[in-house]
Amino acid sequence: MPGTLTSPKLTAADRCDRCNAAARVRAVLPAGGELLFCGHHANEHTDRLRELGATIVSESDATV
């Protein structure tokens, strides 16, 4: 049975990759990379990220 990979919780040190505000959402890309977004930029980019097959995880670790 394959193991489950988890990402560490976002902290105050984690910053949005677009504007450097506090990160609230992590987008895990199918190729293995990840992007961090503030709430504003997560709302702006979530639809496209889902089209690309990214897993979107909010600050509370619930899949969006």
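**View A. Ala54 and the residues it touches.** Leaving aside residues up to four places away in sequence, Ala54 touches Val28, Leu29, Pro30 and Leu49 (contact means heavy atoms within 4.5 Å). What you're looking at is a predicted model, where local features need pLDDT of at least 70, side-chain atom pairs count only at pLDDT 80 or more, and totals for chains, interfaces and linings use all residues. Residues are numbered from 1 along each chain as its sequence is written, and side-chain values use heavy atoms, with hydrogens and water left out.

View B. Buried means under 20% relative accessible area, exposed over 50%, and partly exposed in between (1.4 Å probe, protein chains only).

View C. Three strands form an open sheet in the order 2-1-3, paired antiparallel. Strand 2 (34-37) and strand 3 sit at the edges, each pairing on one side only. Two strands pair if DSSP finds at least two bridges between them; strands 1 and 3 have 4 bridges, in the antiparallel sense. Look for Val25, which stands opposite Ser58 in strand 3. Helix 1 lies across strand 1, strand 2 and strand 3, and runs at about 145 degrees to strand 2. Axes are lines fitted to C-alpha atoms, for helices over the stretch in contact, and angles run from 0 to 180 degrees between N-to-C directions. Helices (H or I, at least four residues) and strands (E, at least two) are DSSP runs, numbered from the N terminus.

View D. The structure has 3 salt bridges, each a side-chain nitrogen of Lys or Arg within 4 Å of a carboxyl oxygen of Asp or Glu. Arg24 meets Glu59 at 2.9 Å, N to O. That pair links distant parts of the chain, 35 residues apart. Arg26 bridges to Glu34, also with 2.9 Å between the closest N and O atoms. Arg26 is buried at 7% relative accessibility, while Glu34 is partly exposed at 40%.

View E. Arg48 and Glu51 meet at 3.0 Å, N to O. Both lie in helix 1 (residues 39-51), 3 residues apart, or about one turn of the helix. Arg48 is partly exposed at 48%; Glu51 is exposed at 59%.
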